[in-house]
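Subject: Structure for your files

Hello,

Here is the structure you asked about, with the sequence alongside. My notes on what was found in it come after.

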Amino acid sequence: MLALKKASTVITVIIFVILYAPMLLLIAASFNSGKDLSVFEGFTLYQYAELMRDENLLRLLANSLIIAVISSVVATVLGTMAAVGINRMGKRARSAVLTVTNIPMTNPDIVTGISLCLLFTFVGQMLKMDSVLGFGTLLIAHITFNLPYVILSVLPKFRQLNPNINEAALDLGCTPAQSFFKVILPEIMPGIFSGMMMAFTMSLDDFVISYFVYGPAYRTLPVEIYSYTKKPMPPKIYALFTVIFMAVLVVMIVMNVVQARDDKRREKVK
């Protein structure tokens, strides 16, 4: 038994090393004064200063943030509404709808990207538009692949609800709308918040789908960074990757804290 525990500990450590060693190397490279990744010549913030002076990268980062914020908010609203409807369905209908909802998550990103590109091109031809790809197509695509994650984050919160809480609110004089916003919505809010944060992170770093639906007038940061892989990568990109990684890490920590607080609150109620 003791040997099994030691083996499990060793395997866990190896897994964490495999997962986080590339990130640690990237962070170290962003502070390295030299260009050779195998030799740490000295600590410097020069690459971060260079990043702040690069107006093109900052503009593209702003584009990615705008798309991520808008798409995550819209997907959260639509996904929450969909979760409410799915929760009220019968067992068979709910199972069928969830199966359809899960398809975009299991479908390869390249298939989704090409499919959306063909759809947007077809619509553009129908409307006789020369260039349909741009901000609008990027936004629609991001909302599309974010929706399933929001739905799957909100639905479990409905299952944790006391089934009589809505009827109690109605008996006390609330209208259906008041019951939802004053009673049900606060209870499912942790799931809504988690879904929105997940949608934000998924949108921020998406490349494959964005590559097929972006237009020359509006590009996102991951699409631009792809062009850097065809030539020696400037060290300031390491600084940019580190900033994005830390931002996503903060978002994930906040999600876990919110979920932990919600679990503790539910345990106290029980």
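**Notes on the model**

Val69 sits in helix H3; helices here are DSSP runs of H or I with at least four residues, strands are runs of E with at least two, and both are numbered from the N terminus. This is a predicted model, so local features need pLDDT of at least 70 and side-chain atom pairs count only at pLDDT 80 or more, while totals for chains, interfaces and linings use all residues. Residues are numbered from 1 along each chain as its sequence is written, and side-chain values use heavy atoms, with hydrogens and water left out.

**Overall**

The protein chain has 11 helices and 0 strands. Its C-alpha trace spans about 70 × 70 × 35 Å along the principal axes. Of its 270 residues, 35% count as buried. Buried means under 20% relative accessible area, exposed means over 50%, and partly exposed is in between (1.4 Å probe, protein chains only).

As one example of spacing, Ala96 and Val10 are 86 residues apart in sequence and 42 Å apart in space, C-alpha to C-alpha. Ala96 belongs to helix H4 (residues 91-106) and is partly exposed, at a relative accessible area of 42%.

**The nonpolar patch**

Val69 is partly exposed, with a relative accessible area of 41%. Together with Ile66, Ile70, Val73, Val77, Leu78, Met81 and Phe135, Val69 makes a nonpolar surface patch of about 640 Å². Helix H3 (residues 55-87) gives the most to this patch, with 7 residues.

Patches are made of residues with over 30% relative accessible area and no salt bridge; like charges are joined within 9 Å, and nonpolar side chains (Val, Leu, Ile, Met, Phe, Trp, Tyr) within 5 Å. Accessible areas come from the Shrake-Rupley method with a 1.4 Å probe, and for residues only the protein chains shown count as cover.

**Salt bridges**

A salt bridge is counted when a side-chain nitrogen of Lys or Arg is within 4 Å of a carboxyl oxygen of Asp or Glu. By this rule there are 3 salt bridges.

- Glu50 and Arg53 meet through their side chains at 2.6 Å, N to O. Both lie in helix H2 (residues 46-53), 3 residues apart, about one turn of the helix. Glu50 is partly exposed at 24% relative accessible area, whereas Arg53 is exposed at 53%.
- Asp54 and Lys236 meet at 2.5 Å, N to O. This pair links distant parts of the chain, with Asp54 in the loop between H2 and H3 and Lys236 in helix H11, 182 residues apart. Both Asp54 and Lys236 are buried.
- Arg219 and Glu224 meet at 2.5 Å, N to O. Arg219 counts as partly exposed at 26% relative accessibility, while Glu224 is buried at 10%.

**Pockets**

Pockets are searched for on a 1 Å grid over the protein atoms alone: a cavity is a set of points where a 1.4 Å probe fits but cannot get out, and a pocket is an open set with protein on both sides within 12 Å along at least five of seven lines; lining residues have an atom within 4 Å of a point. Grid points are joined across faces, edges and corners, and a volume is the space filled by probe spheres set on the points.

The largest pocket holds about 460 Å³ of space. It is lined by 18 residues, and the closest to its centre are Thr201, Leu204, Asp205, Ile244 and Val248. Helices H1 (2-30), H8 (176-204), H10 (221-228) and H11 (236-269) each supply at least two lining residues, and H11 gives the most, with 7. The lining divides into 15 nonpolar, 2 polar and 1 charged. In this count Ala, Val, Leu, Ile, Met, Phe, Trp, Tyr, Cys and Pro are nonpolar, Asp, Glu, Lys and Arg are charged, and the others, Gly among them, are polar.

The second largest pocket has a volume of about 240 Å³. Its lining has 13 residues, with Asn87, Phe158, Leu161, Asn166 and Ile184 nearest its centre.

Regards
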